[in-house]
Amino acid sequence: MNKNKCINCIEYKRCKESAGSLIFFIIGLIAIIAVRAVTILEYVKPVYGKVAWYVGILGFFIYFGYKYKIDHSRYRLIKNSNLMDKLLQSDKMEKEDREIIGSVLCALSSSKDRINYLMIFISSAIVLIIAFYLDFLK
């Protein structure tokens, strides 16, 4: 895509490869690896397994919180601009093009994704609190 088009895009800050998005991407990767390493590390030394579990769950908590925030702001943008209505009423594009763009916008504004991210975020927080209590306060 032409860089000038991306720079003028209202989503430019969210979709460009910023240091912030790279950090959250790395956090997500570390979380995935850590959770999958728990069983092996528990076999080597149980405390390593616990550390990996905490790193993984905390990483998921941070990553999915970030993803929820980004997707929610995109949803608000689509909703507040009435983009779906404008798109479907336009006569300048072919009907098929409007339907394709409409389906992409619908997918981006899906409540299922937002609920999924929110549930992962909340359940990670609950599990972290319970585990912290059981491991350190009880």
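**Figure 1. Aromatic cluster of Trp-53, Tyr-54, Phe-132 and Phe-136.** These four residues, Trp-53, Tyr-54, Phe-132 and Phe-136, form one aromatic cluster. The model is predicted: local features need pLDDT of at least 70, side-chain atom pairs count only at pLDDT 80 or more, and totals for chains, interfaces and linings use all residues. Residues are numbered from 1 along each chain as its sequence is written, and side-chain values use heavy atoms, with hydrogens and water left out. Rings of Phe, Tyr and Trp (its six-membered ring) are taken as a pair if their centres lie within 6.5 Å; planes under 30 degrees apart count as stacked, over 60 as edge-to-face and the rest as tilted. By this rule there are eight aromatic pairs.

**Figure 2. The aromatic pair of Tyr-54 and Phe-136.** The ring centres of Tyr-54 and Phe-136 are 6.1 Å apart and the planes stand at 45 degrees, so this pair is tilted. Because Tyr-54 belongs to helix H4 (residues 46-80) and Phe-136 to helix H7 (residues 111-137), the pair ties together parts that are 82 residues apart in sequence. Helices (H or I, at least four residues) and strands (E, at least two) are DSSP runs, numbered from the N terminus. Tyr-54 counts as buried, at 17% relative accessibility, whereas Phe-136 counts as exposed, at 54%. Buried denotes under 20% relative accessible area, exposed over 50%, and partly exposed in between (1.4 Å probe, protein chains only).

**Figure 3. The aromatic pair of Phe-64 and Tyr-117.** Phe-64 and Tyr-117 form a tilted aromatic pair, with 5.7 Å from centre to centre and 35 degrees between the planes. Since Phe-64 lies in helix H4 and Tyr-117 in helix H7, this pair ties together parts that are 53 residues apart in sequence. Phe-64 counts as buried at 16% relative accessibility, and Tyr-117 counts as buried at 15%.

**Figure 4. Packing of helices H4 and H7.** H4 and H7 pack at an angle of about 150 degrees, and their axes are 8 Å apart. Axes are lines fitted to C-alpha atoms, for helices over the stretch in contact, and angles run from 0 to 180 degrees between N-to-C directions. H4 and H7 are therefore roughly antiparallel to each other; angles under 35 degrees count as roughly parallel, over 145 as roughly antiparallel, 65 to 115 as roughly perpendicular and the rest as oblique. H4 passes H7 in a left-handed crossing, a term used if the near helix is turned anticlockwise from the far one by less than a right angle, with right-handed used if clockwise. The contact of H4 with H7 has 19 nonpolar, three polar and five charged residues. Ala, Val, Leu, Ile, Met, Phe, Trp, Tyr, Cys and Pro count as nonpolar, Asp, Glu, Lys and Arg as charged, and the others, Gly among them, as polar.

**Figure 5. Packing of helices H3 and H4.** Helix H3 (residues 19-44) packs with H4 at an angle of about 155 degrees, with axes 7 Å apart. H3 is therefore roughly antiparallel to H4, and H3 passes H4 in a left-handed crossing. The contact of H3 with H4 comprises 20 nonpolar, five polar and two charged residues. Ile-32 lies in helix H3 and is partly exposed, with a relative accessible area of 36%. The C-alpha atoms of Ile-32 and Gly-59 are separated by 8.2 Å, although these residues are 27 apart along the chain.
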